[in-house]
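Please look over the sequence and the structure shown here, then continue with the points below.

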Amino acid sequence: MSRAPTVRRTALAASVQFSQNQERYASLKTRVHQKLLSVLNMDAVKAESRQELRREVQSVLEKILREDHLPISMTERNRLAEEILDEVFGLGPLEPLLKDPTISDILVNTHKHVYIERHGKLIETSIRFQNDRHLLHIIEKIVSSVGRRIDESVPLVDARLADGSRVNAIIPPLAVDGPSLSIRRFGRKVLTNEELLKNQTLTPSIMKFLAACVEARLNMVISGGTGSGKTTFLNCLS
């Protein structure tokens, strides 16, 4: 007798359980965040340290868990607290990616798909936004920090993060499937001319020729695809 139907039912049940747990977690996170916004003075929060605010987040979280009799592990509690702090202080689900120096690009293709580029390879992550509204909130947070706005009348915006990363955001009606966001980051390690020669990016003769062009103040065009090293090359020429 085939065991395939039983295996499929077991897999389906596990998938449903996982989905329900994810929904419960997202719902709890939203409730704690909303509760925090209702009880905290956000202007005063900006002056608080992350550790001070963490204690307040933990206090609100414990109160909600007691009221609703929700049993979650200490690991989940700590994770929840960190994610809420990222929502308050940073860019929500993107914060762990922004802290990773090996990531050169972050691509958010609607709230359901978040990709990263690491060492030249594009990888889809498990990170998700709750919905389009959540992603739009993060986008608005980015553009408002540099004095810009994004809405239906201005649905496409270029901006920069505090660390110099380039940001491009697009929302409906231009983005048919939902808001999208790309963050182009720069490596913390600046390559030198010597390293370009060592990596065989340039030959010594080409390096001398380009140096002569710069000294002669000649016009040059540096072109290439995304991530090909245009900015790095320009920095070396300068």
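This is a predicted model: local features need pLDDT of at least 70, side-chain atom pairs count only at pLDDT 80 or more; totals for chains, interfaces and linings use all residues.

Residues are numbered from 1 along each chain as its sequence is written, and side-chain values use heavy atoms, leaving out hydrogens and water. Helices (H or I, at least four residues) and strands (E, at least two) are DSSP runs, numbered from the N terminus.

**Helix H6**

- Helix H6 covers residues 132–144, 13 residues in total, and its first and last C-alpha atoms are 18 Å apart, close to the 18 Å expected at 1.5 Å a residue; the expected span is 1.5 Å times one less than the number of residues.
- At the start of H6, a side-chain oxygen of asparagine 131 comes within 3.2 Å of the backbone nitrogen of arginine 133.
- His134, Leu135, Ile138, Ile139, Ile142 and Val143 of H6 are buried, where buried means under 20% relative accessible area, exposed over 50%, and partly exposed in between (1.4 Å probe, protein chains only).
- An α-helix has 3.6 residues a turn, so residues three or four places apart point the same way.
- The buried residues of H6 pack against helix H4 (74–89) and against strands E1 (103–109), E4 (156–160), E5 (166–170) and E6 (180–184).

**Charged side chains**

- Five salt bridges are found in the whole structure; a salt bridge is a side-chain nitrogen of Lys or Arg within 4 Å of a carboxyl oxygen of Asp or Glu.
- One of them joins arginine 184 and aspartate 105 at 2.7 Å, N to O.
- This pair links distant parts of the chain, with arginine 184 in strand E6 and aspartate 105 in strand E1, 79 residues apart.
- Aspartate 105 counts as buried because its relative accessibility is 6%.
- A salt bridge also forms between aspartate 151 and arginine 149, at 2.4 Å, N to O; aspartate 151 is partly exposed at 26%, and arginine 149 is partly exposed at 48%.
- Glutamate 95, in helix H5 (residues 95–98), is buried yet has no salt bridge, and the nearest side chain of opposite charge, lysine 99, is 4.5 Å away.

**Backbone geometry**

- Most residues other than glycine have a negative phi, and most peptide bonds are trans.
- Proline 172 and proline 173 are joined by a cis peptide bond, with omega about 10 degrees, and proline 173 lies in the loop between E5 and E6.
- Threonine 110, in the loop between E1 and E2, has a positive phi of about 70 degrees although it is not a glycine, and it is buried at 10% relative accessible area.
- Arginine 217 also has a positive phi, of about 60 degrees, and counts as exposed at 75% relative accessibility.

How values were computed
Contact means heavy atoms within 4.5 Å. A polar contact is a pair of N or O atoms within 3.5 Å; within protein, one must be able to donate a hydrogen and the other to accept it, and residues adjacent in sequence count only if both atoms are side-chain atoms. Lys and Arg count as positive and Asp and Glu as negative; His and the chain ends are not counted.
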